[in-house]
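Good morning. I will keep this short, so please have the display open while I talk.

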Amino acid sequence: ADEALADFKAGRYLEASAEIQAVVDRTPAYDYGYFLLGHCMLKMRRAADAQLQFRRALLLNPTRAEYYQGFALAFRASGNWPLMIRAATDGIARATDPRTRSALLALRAYAWSALRRWNAVVGDLEEVQRAQPEPWVIAFLGKARFASGAWAEAIPPLREALEAAPNDPVVLRLLAECFLRLAADERDPIRKRLSYTQSLAYAQRLASMTPNDLEAVHLVGRAALGAGRLDQAENIFRHVLANDPRQCYAMAN
């Protein structure tokens, strides 16, 4: 088992799987061996075999949260989101270590996002953020809040994510869109203009990084139009239509 673990850590997954298979053949009640074997199968992109090994480990010892974590990873590899959610949920119920619980919550959030259950994603990620405020968690939370339609609540984590990665085009685009949508719903003319201006600042940063992305350029035009910068907006819409004459939104704007 020690040799198998050393080979696994060195990236020799075929050798590790052969060695750990020999161990479990001799001691079939060794649940951790099946757990290691499941991870070997995952590394070799054999999702169905990985599921089988993690299931064997859980049949022998259904109390260990990390076994459910491996089981959920195997379902993620095959795109089986409902069973991934079930495995992660069972693991969360048994997790005593905060890091393992956070990892299982993040896995479940990933599966919820594949099913577009954004409110469930937000709930899981908010707990992960409290225990593990890492940049990727904060960015994921901002994206989930945006997808759920909570524009104002999405802005703080997205801004925090942008501080960690100032040139992230996805975060810049989402921030620009958040302020655009807030501005569209705002009735106070001063706050409306301010939201459009903030959207314009993020959209311009995005377009400067991706000048060949017509959607990013069009986003600048939309924000400029709302901010009352009509000459700038008109020039941008003309540029978009010169490159894509059938862009109906640019025509309408």
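This is a predicted model: local features need pLDDT of at least 70, side-chain atom pairs count only at pLDDT 80 or more; totals for chains, interfaces and linings use all residues.

Let me start with how packed helices are described. Two packed helices are characterised by the angle between their axes and by the distance between those axes.

Which residues of α5 meet α7? On the α5 side they are Ala-65, Glu-66, Tyr-68, Gln-69, Ala-72, Leu-73 and Arg-76. On the α7 side they are Thr-100, Ala-103, Leu-104, Leu-107 and Tyr-110. Sorted by class, the residues of this contact are eight nonpolar, two polar and two charged.

The second pair is α6, residues 81-94, with α7. Here the axes come within 9 Å and cross at roughly 160°. Over 145 degrees counts as roughly antiparallel, which means α6 is roughly antiparallel to α7. This crossing, too, is left-handed. From α6, the contact involves Trp-81, Met-84, Ile-85, Ala-88, Thr-89, Gly-91 and Ile-92. From α7, the residues include Arg-101, Leu-104, Leu-105, Leu-107, Arg-108 and Tyr-110. The class count for α6 with α7 is twelve nonpolar, two polar and two charged residues.

Now the single residues. Is Gly-142 buried or exposed? Gly-142 sits in helix α9, residues 135-147. Its relative accessibility is 0%, so Gly-142 counts as buried. Leaving out neighbours within four places in sequence, Gly-142 is in contact with Ala-154, Pro-157 and Leu-158.

Ser-17 belongs to helix α2, residues 13-26. Buried means under 20% relative accessible area; Ser-17 has 8% and is therefore buried. Beyond residues up to four places away in sequence, Ser-17 touches Leu-37, Cys-40, Met-41 and Met-44.

Arg-159 is in helix α10, residues 151-164. With 33% relative accessibility, Arg-159 counts as partly exposed. What does Arg-159 touch, not counting residues up to four places away in sequence? The answer is Leu-175, Phe-179, Gln-198 and Tyr-202. With Tyr-202 there is a polar contact, side chain to side chain, at 3.1 Å. Leu-175 is 16 residues from Arg-159 in sequence, and their C-alpha atoms are 7.7 Å apart.

Last, the loops, and a word on phi. Most residues other than glycine have a negative phi. Arg-45 is in the loop between α3 and α4, and its relative accessible area of 77% makes it exposed. Arg-116 also has a positive phi, about 60°, although it is not a glycine. Arg-116 lies in the loop between α7 and α8. At 64% relative accessibility, Arg-116 counts as exposed.

That is what I had. Questions are welcome.

Key. Residues are numbered from 1 along each chain as its sequence is written. Side-chain values use heavy atoms; hydrogens and water are left out. Helices (H or I, at least four residues) and strands (E, at least two) are DSSP runs, numbered from the N terminus. Buried means under 20% relative accessible area, exposed over 50%, partly exposed in between (1.4 Å probe, protein chains only). Contact means heavy atoms within 4.5 Å. A polar contact is a pair of N or O atoms within 3.5 Å; within protein, one must be able to donate a hydrogen and the other to accept it, and residues adjacent in sequence count only if both atoms are side-chain atoms. Ala, Val, Leu, Ile, Met, Phe, Trp, Tyr, Cys and Pro count as nonpolar, Asp, Glu, Lys and Arg as charged, and the others, Gly among them, as polar. Axes are lines fitted to C-alpha atoms, for helices over the stretch in contact, and angles run from 0 to 180 degrees between N-to-C directions. Angles under 35 degrees count as roughly parallel, over 145 as roughly antiparallel, 65 to 115 as roughly perpendicular and the rest as oblique. A crossing is left-handed if the near helix is turned anticlockwise from the far one by less than a right angle, and right-handed if clockwise.
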